[in-house]
Amino acid sequence: MSDTASPTLVRKVVLALRQRDCDLRPALSAAQRILAQEVQAAGAIQPLLGREELRDLLELFLIHGRTMKPALEAALTRWRAHLLAVADAPAALVTALAVHCFNNEYVFTESAAETMLVDPLRGRLNAGEGTVTEAAVFAAYRPLAGEAWATRFAESLEVLHRIHIEEPAREAVLRRSVARVTPVADAISLDVQRQYEQNPYPRWQRLDVDRARMPARTGAPGRRVLIAGCGTGKQPLTMALAAPEDSFWALDLSAASLAYAMRKAEEAGVGNITFVQGDILELAKFDATFDAVVSSGVLHHLDDPARGLAALGTALAPGGSLKIEVYTQSVAVDAGIALRREHGLPPTPEGIRGFRELVCALPGGHPAARLTAFEDFHATSECRDLVFHVKEHRYTLPRLADMCATAGFRIARVYAGAAPLARFAARFPDADPDTDLAAWSALEGEEPEILAPMYRVSLARI
Ligand SMILES: C[S@@+](CC[C@H](N)C(=O)[O-])C[C@H]1O[C@@H](n2cnc3c(N)ncnc32)[C@H](O)[C@@H]1O
């Protein structure tokens, strides 16, 4: 196999990445594969810049994608350090790197030598010196918000001005308008709230849905739907776009996450979601009922998930549907948490970068080494969510069934992706994958984490 990609293939991927309003994930994976392969062959980013089609590919990938391949990350990190010393790349490319670094919340390693160069650069920019490219290099290390000199580049670095300055400013305004519908008093809820105020999860950019191919809605129109623990809004927006006749309430502890979600809803022109701040545990005080309640990736962060689930039950109208998603076991995450504790790393940007450096240096056979394949490993807030969480429970299917029973529910249906379903059918041809928990448990005994990272289930009252 050739070490480099054909120009025709690269141009095809570039064209795919220029599409609007569609799922860019397949093209982004192809771009990342090509760039990692090219960087491995060339040993650095700079030689790629001599080929126009690769330059375009790199620029689009940096703007829309997330680096997940350690070799590509290492090359981008070295290139950024080089640019800090000599800003010798086209401004558009450096701008794209600054977008990328802002979107992953500056998760790349920064050496002490680099840190020492950032302040003098700020000093020169403050003194009215410095080129557009140097301003973009600065933005590849630090956000532009609060940098008075940045207004000078508002036009030439329009995209950076928008995402570094205007969007956070809009969120600050929206945040003030969030209605509080319940108190937050539980000690763990307060800890969890603090974490997500500092690090809203996830900091997503695109919905990655093809609007023309949204799944057909289910159920009669006009439903009232509660999304409990909506985070930064990806789930509510996806659901609200698919069911414009329904009304959604998206509840979360974190005003920062809600503000992010509200900005995204505003940008997408979605008007059928009401964002509210509150604690699931206090839902009875919200005094509203819903035809459907969904809660994804949330209950396992409560001190007592069964109490939270019972509270979701109080918000359910008679005959309403309830769907939850909670963590399965994960050997890689457990090993990551143990490593983080062993090294006493704090949940700060520096601690998270330090943790990532440790993981990237692990031998391939170490259980935590697999974390580099997790998307959440590759952005600061998400990495904090992955291995620095203030509270999390992990389930097996029987333990999940027990937790649900404590709250007065049973698992009515298991949802699984195409690959686990195919394995299930091969192993238990006569069993029903929707309802046969014993068969799923037996399969998990043979193929641990087959349903990872989360059990997705709908519940019925016992
Ligand atoms: C891991 S994030 C998941 C966000 C979103 N559901 C998703 O899947 O992208 C967990 C979210 O649950 C929220 N959360 C945790 N405990 C909560 C509680 N007791 N009441 C309301 N929201 C809660 C957090 O603030 C956070 O935004």
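The legends below describe close-up views of one predicted model. Residues are numbered from 1 along each chain as its sequence is written. Because the model is predicted, local features need pLDDT of at least 70 and side-chain atom pairs count only at pLDDT 80 or more, while totals for chains, interfaces and linings use all residues.

**View 1. Domains of the chain.** The chain is divided into domain 1 (7–170), domain 2 (331–387) and domain 3 (404–462); the bounds come from an automatic or database domain assignment. Between the C-alpha centres of domain 1 and domain 3 the distance is 42 Å.

**View 2. Residues around the ligand.** The shell around the ligand holds 24 residues, a residue being near a molecule or strand if its C-beta atom, placed from the backbone, lies within 6 Å of it. Tyr 196, Gly 229, Gly 231, Ile 280 and Gly 297 are the closest. At least two shell residues come from each of α9 (187–198), α10 (234–242) and β3 (247–252), and α9 gives the most, with three. Helices (H or I, at least four residues) and strands (E, at least two) are DSSP runs, numbered from the N terminus. By class, the shell has eleven nonpolar, nine polar and four charged residues. Ala, Val, Leu, Ile, Met, Phe, Trp, Tyr, Cys and Pro count as nonpolar, Asp, Glu, Lys and Arg as charged, and the others, Gly among them, as polar.

**View 3. Helix α10 and its cover.** Lys 234, Gln 235, Pro 236, Leu 237, Met 239 and Ala 240 of α10 are buried, that is, 20 or more other C-beta atoms, placed from the backbone, lie within 10 Å of their own. The cover over these buried residues includes β2 (224–228), β3, α11 (255–268), β4 (273–277) and β5 (290–296).

**View 4. The eight-stranded sheet.** Eight strands form an open sheet of mixed pairing, in the order β1-β4-β3-β2-β5-β6-β8-β7. At the edges are β1 (179–180) and β7, each pairing on one side only. Two strands pair if DSSP finds at least two bridges between them. Five bridges join β2 and β3 in the parallel sense, and Leu 226 stands opposite Trp 249 in β3.

**View 5. Strand β8 and its two partners.** Strand β8 (residues 454–461) runs antiparallel to β6 (residues 316–327), with six bridges between them. Here Ile 324 stands opposite Val 457 in β8. Six bridges also join β8 to β7 (residues 409–415), again antiparallel, and Ile 411 faces Leu 459 in β8.

How values were computed: Buried ≥ 20, exposed ≤ 12 C-beta atoms within 10 Å, placed from the backbone. Contact = placed C-beta atoms within 7 Å.
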